[in-house]
Amino acid sequence: MTWSNAGGPGPRAGGVRGASRRLGVLISGRGSNLQAIIDAIAAGRLAAEIAVVISNRPGAPGLERARREGIETAVLDHTAYGSREAYDRELAAALRRHDVALVCLAGFMRLLGPAFVSAFRGRILNVHPSLLPAFPGLHGQDQAWRHGVKVAGATVHIVTAELDAGPIVRQAAVPVHDDDTPETLSARILAEEHRIYPEAIGVVLDGGWRVEGRRFVRGGSSGGPGG
Ligand code: GRF
């Protein structure tokens with residue numbers, strides 16, 4: 001399969017829409033990656049605009065970070081919905097209302113169903129605290145530490161229906177020291193997440209990329225959508 005955002009109109013072409021650089025950021029907790037995106041925009045390192053921050057948890061500290069910056073926030077509490085499908089439909093509608101070009105998961109602790117993922121195909125990014133495909137799922141840093149790997153890391157990938165298995169946009173390696181604890185290793189990984197997530201968002205917004213098989217590649221000719 002090949003899909004791309006080069007030359008094709010609209011989201012089905014696998015990239016962002018038109019010239020819009022509007023982000024919808026989804027959070028569940030402390031929001032340090034949200035903060036990294038905010039800071040990268042403020043510093044001029046990322047040309048983008050956060051249209052809305054949505055949390056599935058009413059008390060997520062990340063909401064306060066957004067409010068401090070004057071960014072619109074919304075809470076969509078998943079416990080108020082009868083099914084994943086109903087929740088995902090509401091979430092998709094909220095993101096469309098804000099006309100977002102790209103959905104950035106930043107510690108959003110919910111699985112997104114296939115209907116949501118295909119509605120935003122190629123337009124959802126996630127940051128994960130391991131060198132995928134190693135250690136998918138929860139607590140990637142702890143999994144890596146317990147496994148005893150000597151190199152851990154962080155990954156930004158395009159979200160597909162399969163958990164933590166989408167095309168990889170950016171990765172950063174982090175050495176594991178003998179005296180590391182899960183906490184010290186997590187902190188070092190988090191610093192890399194904060195560096196590569198805004199970079200990856202910029203790359204995806206800039207376009208001119210395509211996905212060949214599982215490979216996210218930039219430049220060159222594009223076979224266009226489909227394939
Ligand atoms: C990060 O470690 C990220 O990799 C994972 O969830 C955590 C979110 O942290 N997906 P924060 O809310 O961005 O501080």
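This report walks through a predicted model of a single chain, from its overall make-up to a few of its residues.

**The chain as a whole**

The chain has 227 residues, and 43% of them count as buried. Among contacts with a separation of 6 or more, 69% are between residues 24 or more positions apart.

Just after the helix comes Gly-207, with a positive phi of about 80°.

In soluble globular proteins, nonpolar side chains tend to be buried together. Here the largest nonpolar core has 61 residues, and those that touch the most other members are Val-25, Ile-37, Leu-102, Cys-104, Leu-125 and Ile-201. To this core H6 gives the most, with eight residues.

Why is E6 described as largely enclosed by the rest of the structure? Five of its five residues are buried, so the strand is largely enclosed. In a regular strand the side chains alternate between the two faces of the sheet. In E6, Ile-124, Asn-126 and His-128 point one way, while Leu-125 and Val-127 point the other way. Leaving aside neighbours within four places in sequence, Leu-125 is in contact with residues that include Leu-102, Cys-104, Val-156, Val-169, Ala-200 and Ile-201. Strand E6 pairs with E5 in the parallel sense over three bridges, and Ile-124 is the bridge partner of Val-103.

Helix H1 has its own buried residues: Asn-33, Leu-34, Ala-36, Ile-37, Ile-38, Ala-40 and Ile-41. Their cover includes strand E2 (22-27), helix H2 (61-68), E3, E5, E6 and H6. Just after H1, Gly-44 takes a positive phi of about 80°.

Around the ligand there are 14 residues, of which Arg-30, Ser-32, Asn-33, Gly-107 and Pro-129 come nearest. The elements that give two or more residues to this shell are H1, E6 and H6. By class, the shell has five nonpolar, seven polar and two charged residues.

**A hairpin**

Further along, strands E9 (residues 209-212) and E10 (residues 215-218) run antiparallel and are joined by four bridges. Trp-209 stands opposite Arg-218 in E10. The two strands form a hairpin with two residues between them, and Gly-213 in the turn has a positive phi of about 65°.

| Residue | C-beta neighbours inside 10 Å | Counts as |
|---|---|---|
| Arg-45 | 12 | exposed |
| Asp-99 | 12 | exposed |
| Asp-164 | 17 | partly exposed |
| Gln-171 | 17 | partly exposed |

Arg-45 sits in the loop between H1 and strand E3 (49-55). Not counting residues up to four places away in sequence, Arg-45 touches Ala-40 and Pro-198. Arg-45 and Pro-198 are 153 residues apart along the chain, yet their C-alpha atoms are separated by 8.0 Å.

Gln-171 lies in strand E8. Apart from residues up to four places away in sequence, Gln-171 touches Leu-131, Gly-153, Ala-154 and Thr-155. From its C-alpha atom to that of Tyr-197, 26 residues away along the chain, the separation is 9.3 Å.

**Backbone details worth a look**

Most residues other than glycine have a negative phi, and most peptide bonds are trans. Asp-99, in the loop between helix H3 (84-97) and E5, has a positive phi of about 55°. Asp-164, in the loop between E7 and E8, also has a positive phi, near 55°. The peptide bond from Leu-132 to Pro-133 is cis, with omega near 15°, and Pro-133 is found in the loop between E6 and H5.

Methods: Residues numbered from 1 in each chain as written. Predicted model: local features only at pLDDT ≥ 70, side-chain atom pairs only at ≥ 80, totals over all residues. Near = placed C-beta within 6 Å. Nonpolar A, V, L, I, M, F, W, Y, C, P; charged D, E, K, R; others polar. Core = buried A, V, L, I, M, F, W, Y, C linked by C-beta atoms within 7 Å. Buried ≥ 20, exposed ≤ 12 C-beta atoms within 10 Å, placed from the backbone. Contact = placed C-beta atoms within 7 Å. Pairing = 2+ DSSP bridges.
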